[in-house]
Amino acid sequence: MAHRAIELAAVVCLGLLSFGSGALADAQTYKERCVKCHARAATLARSLKGTTPGEKAAWLGGFLATHHVDDEVERAKLVVYLIGLTAK
Ligand code: HEC
């Protein structure tokens, strides 16, 4: 569990560093997979559980595993995208 959280935090850091082209692709994933039920990503980003970005990423990663996202890579992309929105 702790190992997973560290992995996720690393993914998030990489994602934030490579913000730009990656951010567009992640927004596309959100649009395809989530927007029909969650109209605004920014609103959803505010409801993530946890205080620090690392806590939020760990919680969201676990949550999405049982919430419409079976694919680990897509899950990581969405975590990066939504955590990125909370940093603004
Ligand atoms: C079929 C509709 C549907 C889809 C598609 C969907 N969600 Fe949800 N989601 C819900 C509902 C309903 C809730 C509130 C009830 C619950 O917790 O299950 C929710 C809750 C959440 C929460 C918890 C925060 C909150 O406001 O309760 C997060 C985070 C979340 N969804 C993220 C996502 C992401 C990211 C995607 C895209 C992969 C996604 N959801 C796709 C219906 C959906």
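Of the 88 residues in the protein, 26% are buried. Buried here means that 20 or more other C-beta atoms lie within 10 Å of the residue's own, exposed means 12 or fewer, and partly exposed is in between, with C-beta atoms placed from the backbone.

A word on the source. This is a predicted model, in which local features need pLDDT of at least 70 and side-chain atom pairs count only at pLDDT 80 or more, while totals for chains, interfaces and linings use all residues. Residues are numbered from 1 along each chain as its sequence is written.

The protein has five helices and zero strands, so the order from the N terminus is α-α-α-α-α; helices (H or I, at least four residues) and strands (E, at least two) are DSSP runs, numbered from the N terminus. Among contacts with a separation of 6 or more, 71% join residues 24 or more positions apart. A contact is two C-beta atoms, placed from the backbone, within 7 Å.

Now one residue. Alanine 65 belongs to helix α4, which covers residues 53–65. Why does alanine 65 count as exposed? Because 12 other C-beta atoms lie within 10 Å of alanine 65. Its C-alpha is 7.5 Å from that of arginine 75, 10 residues away in sequence.

Last, the ligand. It is surrounded by 15 residues, and the closest are Arg33, Cys34, Cys37, Ser47 and His68.

Terms used:
Near = placed C-beta within 6 Å.
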